[in-house]
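Subject: Structure handover

Hello,

My notes on it follow below.

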Amino acid sequence: MSPSPTPSPSPSPGSGSGSGSGSTGSGGSRLSGSARPSSSATPSSSPSSDASSSADASSPATPTDVSAPPAPPNTPEPAPISEPPGKPKEGQPPPDPVTTSAVQTALSTEYAAVWCYSLVEAFLPETLDKHAREDLTAHRVRRDATIRLLADSGVRAVPAEAAYRTPAPVTDQNSAMRLVVSAESDAAAAWRSVLERCDDSGLRRMALDGLTDATVRGARWSEQLGSKPVVPAFPGRD
């Protein structure tokens, strides 16, 4: 599930995802530079967390009230401990607080997405489970790259929640697919928010890849559900 439903990149670009599109690494990206507030705020639809911040780095997204899902046969794996912040490179301007906040929120949606995909594996048939594992890997890759980006900028990544509350109970295949569609929608909204709040070319590329990949994955799951439209008119905003 992901943080407020309104809801890990690997060291190398574009790795680990069946739908990955460009680089997800943090090389060359910075959290500094002028932020540009936009009409899109933080994501407004995603599985949400019950506690404030806990042992898997989650971002400051607003949690959503929903009923907790039944415990599945397989327990979702815990998120990694946040890397301690390093020191910004000499001469590098300090991280911009608005950009940093947007990146932390995007990180929280990645933690939530990893949790959601780990949860739904128990409810999917073998054919769909393969796609779910690929998407889970993609979120782990982007999650890890985002943590590294924050650490390299001298910022400690906020911890993730130990568990998240879903927008609706997950009891079967369809409810499981609806959950991951929601998680992808939240991730797309969060990365769009980063894209609109930074000027650094490396970070903008990373944010665009996050938005694109989440939109593609969400469209694939929406198609499986028979939902219309498969792709929203404005990805990351609807």
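What pattern does the protein chain follow, read along the sequence? The answer is β-α-α-β-α-α. In total the secondary structure comes to 4 helices and 2 strands. Helices here are DSSP runs of H or I with at least four residues, strands are DSSP runs of E with at least two, and both are numbered from the N terminus.

Some ground rules before the details. The model is predicted, so local features need pLDDT of at least 70 and side-chain atom pairs count only at pLDDT 80 or more, while totals for chains, interfaces and linings use all residues. Residues are numbered from 1 along each chain as its sequence is written, and side-chain values use heavy atoms, with hydrogens and water left out.

Overall surface

The protein chain has 238 residues, and 51% of them count as buried. Buried means under 20% relative accessible area, exposed means over 50%, and partly exposed lies in between (1.4 Å probe, protein chains only). The accessible surface of the chain is about 9,800 Å². Carbon and sulfur atoms hold 55% of that surface. Areas come from the Shrake-Rupley method with a 1.4 Å probe; for residues, only the protein chains shown count as cover.

Helix packing

For the angles, axes are lines fitted to C-alpha atoms, for helices over the stretch in contact, and values run from 0 to 180 degrees between N-to-C directions. Under 35 degrees counts as roughly parallel, over 145 as roughly antiparallel, 65 to 115 as roughly perpendicular, and the rest as oblique.

- H1 (residues 97–120) packs with H2 (residues 126–152) at about 150 degrees, with the axes 9 Å apart. H1 is therefore roughly antiparallel to H2. Their crossing is left-handed.
- H2 and H3 pack at about 25 degrees, with axes 13 Å apart. That makes H2 roughly parallel to H3. The crossing of H2 and H3 is left-handed.
- H3 (residues 173–195) and H4 (residues 201–225) pack at about 160 degrees, with axes 8 Å apart. H3 and H4 are therefore roughly antiparallel. The crossing of H3 and H4 is left-handed. By class, the contact of H3 with H4 has 16 nonpolar, 6 polar and 5 charged residues.

On handedness: a crossing is left-handed if the near helix is turned anticlockwise from the far one by less than a right angle, and right-handed if clockwise. On classes: Ala, Val, Leu, Ile, Met, Phe, Trp, Tyr, Cys and Pro count as nonpolar, Asp, Glu, Lys and Arg as charged, and the others, Gly among them, as polar.

Individual residues

Trp-191 sits in helix H3. Is Trp-191 buried or exposed? Trp-191 is buried, because its relative accessible area is 0%. Trp-191 and Thr-105 are 86 residues apart in sequence, yet 8.6 Å apart in space, C-alpha to C-alpha.

Thr-166 is in the loop between strand E2 (164–165) and H3. Thr-166 has 0% relative accessibility, so it counts as buried. A polar atom of the Thr-166 side chain lies 2.6 Å from the backbone oxygen of Ala-168.

Two residues come from the segment after H4. Pro-229 is one of them. Pro-229 is exposed, because its relative accessible area is 57%. Pro-229 and Ala-219 are 10 residues apart in sequence and 8.6 Å apart in space, C-alpha to C-alpha. Val-231 also lies in the segment after H4. At 43% relative accessibility, Val-231 counts as partly exposed.

Best regards

Conventions
A polar contact is a pair of N or O atoms within 3.5 Å; within protein, one must be able to donate a hydrogen and the other to accept it, and residues adjacent in sequence count only if both atoms are side-chain atoms.
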